[in-house]
Amino acid sequence: MHLLRRRIAFLIVLSVIFAGVYFYYQSSFDKNDKSANYIPNKAAFVLKVPLKHFGFTSLFSDASYWNQLTNIPSLNRVSSQLLEFESVLLENRTIKKLISNSNIYVSAFATKSDDFDLLYVVKVNKEHNPDTLQNTISKLLGDAGGADKRNFNGETITEYKLEGQREFSYTVLDNYFIGSFTSFLVDDAIAQSQEGVSLGLQGELNKGINISNKVELMCIYKNAPSFLKIFSDKRAGESGIDVLEFYSELSNFKLTIDSNSISGNSNRELYSQVSFVKHYEGQTSSKIDLFSLLPSSTSAVKHISISNISNWIEELKHDRSKMISGYSIDEYLQGLNNKYNTDLVASLTSWCSGNYAQVILDPPNSNYKDFVFAFFEADEMGKAKEELSVLAKTTSIKENIVSEIYNDAEIVSIDVKGVLPLIYGNVFNKVQTLTYTSFNNYIIFGNTSESLKLLLDELNSKELLIDGFSQDELAFIENKQCNYLLYSNPANSEYIIDAHFNEKWFANYNESKEELSAISSFFYSYDYNDARPNSSFLISFNKKRASSVKLAWKKEFENNLSTRPFLLKNATSKVYKILIQDEENNLYCIDEEGEILWQKKIAAKILNHIEAVDMRANGQTQYLFNTKRNVYLIDDKGANVLNYPIQLPYESSMPIVFLNNKNTKDLTYYVYCKNKQIYAYNMNGRPMVNWKHRGEEIELARNMQTVSTNLETQLVMSYSNGIVEFCKPNGEVVTEYIYNEGMSPNNTFYREELGEGFWVSTDKIGNVVMLSAKGDVDIIPNPTMSAEHSFYYSDIDNDLNKDLIYLDEGELNAYDQDLIMVMYKRLSKDLAPFISVNELTPYEMSIGVVSNAANEIHLFNSDGINYKGFPVNGNSSFSVVDLKNTGYLNLISSSDKNLLINYRIK
């Protein structure tokens, strides 16, 4: 648990480092740079941003990780101010000329118990003119309140009063510009220079090595208490304080940053009170080769490599200090030894090479104990099996030990529980039994024989973890020799995080889940070679790692299902509920774990849509839908709301359309009936008194739709005679289009924001129809499609231009806006008229289709290649959502008539 918390804390700490230094070409190391003399010694951390080649590119905003990092709440102040300075440098030639060959030093200081600010120190050219500098800064700041002068310790400070009760102060000392949005930090800098108490950074800040397209930089935290104030318990959670202090002491990292990863190393003395680190003193390590065996489903690994087992066990005693049944751990183990006339410690350590690991496979839920395994490398496999066989016979309460053969491997159960964590420490606190098997040169313990069978299947599948590693990841583990190695794949760790985090840490995780979801792997290692600690880490953004799918759960119903699954998000928790109806018209509400919360009998079949609404704007969710004759509104417990269900004046053949008026906040809904009229209602179930739609004696060609811009939400009606109307919520026509071909029946309008913006869909024969706000109709001719084609408008190849995606008569194809084909896939003709396009990661889009007859769901990448594990079972249109609001995606569909299925995409 602590290591998982450390991982998140560490990522946040590292984010502070590389947010400021990522995107530049070369460092400039000026031996005469005395900037550190002006940085107060209570600085929490210091970033050095070289400007030697500034002018060819931006410093921060073009960095590939910038959008990810600026979403971290703790970095909002840092990122916003850095971007302000970037803008200043880009737009002002005078400033560029003053500091063109300098470095900006950005230091952070705790200003209150829960707030911080930044101080900027930069060397300016000797020939700078003070009046020119002041005039330039006045223009840049807008000079809202004019500049005031004040004296501090004989030095002049210039201060500006800005909008929003902000201020900016600066001074120039010996050609060093010192500025901050917190005035007393400038005072502290002046005092620092006069007292001569060095921050101790001067030598370190001038270290660095340029390597072709990579940059290495030394960045130092000198004041752990100040650092902790910046990352207060409001951000880190109470249990994160010791972790942050540990990493702040460990922060002398030399960073290497390239396009796909952040890495670093340090040999600085570790935080002296971190006992688990001290255990490794005097322990040499050997090569770690376990990763060549691990399956691709591996979520996390904690690997330990030591040379002296007996000393190691002694060192771990303090981790085994808790009492068991009133006895100390040593007393408890001795009691077991006496009971079985054996030596448990010797039986479980004498054959171990010193390399062992906790391995966790991607679990299907937060109760993941059956997916946790203990791997022990054996010096001699024969000796290991003999020792364990003797132990199994000695401790068995039966005449014969329990064993079985599976995939040519023997699985044996030793009838003693809870021993591994007592001997090897808390790393194995999730492995409570001694059921074991062997694979290659490893003895593997698991909690059940069934879990070991699952593991053996995975190990024998030849789908290895390292096959998906990038070159940076492979380089990190190649010939790796360290005492401790932590590996985590955030995409495969959702349920582990869910199980371990307390509420504060889980909130922290949720705030940063978008940033974490972009990380393909996290490595951290340390050792005590040469009697000094050596630490290294790697955060990899492996864009090419393909997504895959895994069954999370399935729910079997007594009756066949008659509708697709409807995914409805709770207004408060942002967690989805699943609603689905069976052939007996029972409506079920299912939670994210697949459990039925309630069921309700409905008079008829639901017409293919359910809307989640918050009618009272109080965070309570209701569900709105219609059958042929009635409109229903039920609450989150399945009870009818107000006077619902209400009866429609005529039968309806189309699903209800719900509209949230952005201007008035009114909630209304609309129903098209077989008398060719549209009826409008407010949420109390009464007809709208100001409904102005004139009513056409013409059938709708397709379901009504709502469309939204930044200004308003409108209702769209597409008629069989080719008329398309965009209406206000009260039915008043805003814009009317006439297109003789008529619009396609299966498709909707998509918004294109280029220029003044327009709406995009297709007509009956597949031409792309673009409707402008002025009422103009533009046509992009396309190869002829059948009237039943499906269309989607989205950028699937990440070139920042939206593509035209078609599915028709078994052919899935996509064109760019120049009608150049970017993807083609020939499939069976029985595909449902349904396309699903979703963003799986910030770097990859998926395209999904359904084959009803084959009971298959396909999920393709932009090259038309099925993602790993696809096709999967499913015969309904499906939804890809973050079901539990954890940053990971689920695919929800139904299959085999009575099955609801949740697949996890990872």
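## Strand S52 and its partners

Lys554 has Ile901 as its bridge partner in S52. This pairing comes from a predicted model. S51 and S52 form a hairpin, with three residues between them. In that turn, Asp896 has a positive phi of about 50°.

S52 (residues 899-905) is mostly covered, with seven of its seven residues buried. Leu899, Ile901, Tyr903 and Ile905 point one way. Leu900, Asn902 and Arg904 point the other way, and they too are buried. In a regular strand, side chains alternate between the two faces of the sheet.

## A four-stranded sheet

An open sheet has four strands in the order S34-S35-S36-S37, paired antiparallel. S34 (705-708) and S37 (733-738) stand at the edges. Each has a single partner strand, so one side of each is left without a neighbour in the sheet. From one strand to the next, the twist averages 25°.

S34 is joined to S35 (residues 713-718) by four bridges, and the two run antiparallel. Gln705 has Val716 of S35 as its bridge partner.

## Nonpolar cores

The largest nonpolar core holds 54 residues. Trp351, Tyr356, Phe376, Leu420, Tyr424 and Phe445 touch the most other members. Helix H15 (residues 381-395) gives the largest share of this core, five residues. A second, separate core has 30 residues, including Leu290, Leu294, Val359 and Leu485. In soluble globular proteins, nonpolar side chains tend to be buried together.

## Helix H6

Helix H6 (residues 183-195) has 13 residues. At 1.5 Å a residue they should span 18 Å; the end C-alpha atoms are 19 Å apart, which agrees. The buried residues of H6 are Ser183, Leu185, Val186, Asp187, Ala189, Ile190, Ala191 and Gln192.

## Asn585 in its loop

Asn585 sits in the loop between strand S24 (576-581) and strand S25 (586-590). Is Asn585 buried or exposed? Its relative accessibility is 18%, so Asn585 counts as buried, because the cut-off for buried is under 20%.

What does Asn585 contact, leaving aside its neighbours within four places in sequence? Asn585 is in contact with Lys600, Lys601, Ile602, Ala603, Ala604 and Lys605.

Notes: Residues are numbered from 1 along each chain as its sequence is written. This is a predicted model: local features need pLDDT of at least 70, side-chain atom pairs count only at pLDDT 80 or more; totals for chains, interfaces and linings use all residues. Side-chain values use heavy atoms; hydrogens and water are left out. Buried means under 20% relative accessible area, exposed over 50%, partly exposed in between (1.4 Å probe, protein chains only). Contact means heavy atoms within 4.5 Å. A nonpolar core is a set of buried Ala, Val, Leu, Ile, Met, Phe, Trp, Tyr and Cys residues joined through side-chain atoms within 4.5 Å. Two strands pair if DSSP finds at least two bridges between them. Axes are lines fitted to C-alpha atoms, for helices over the stretch in contact, and angles run from 0 to 180 degrees between N-to-C directions. The expected span of a helix is 1.5 Å times one less than its number of residues.
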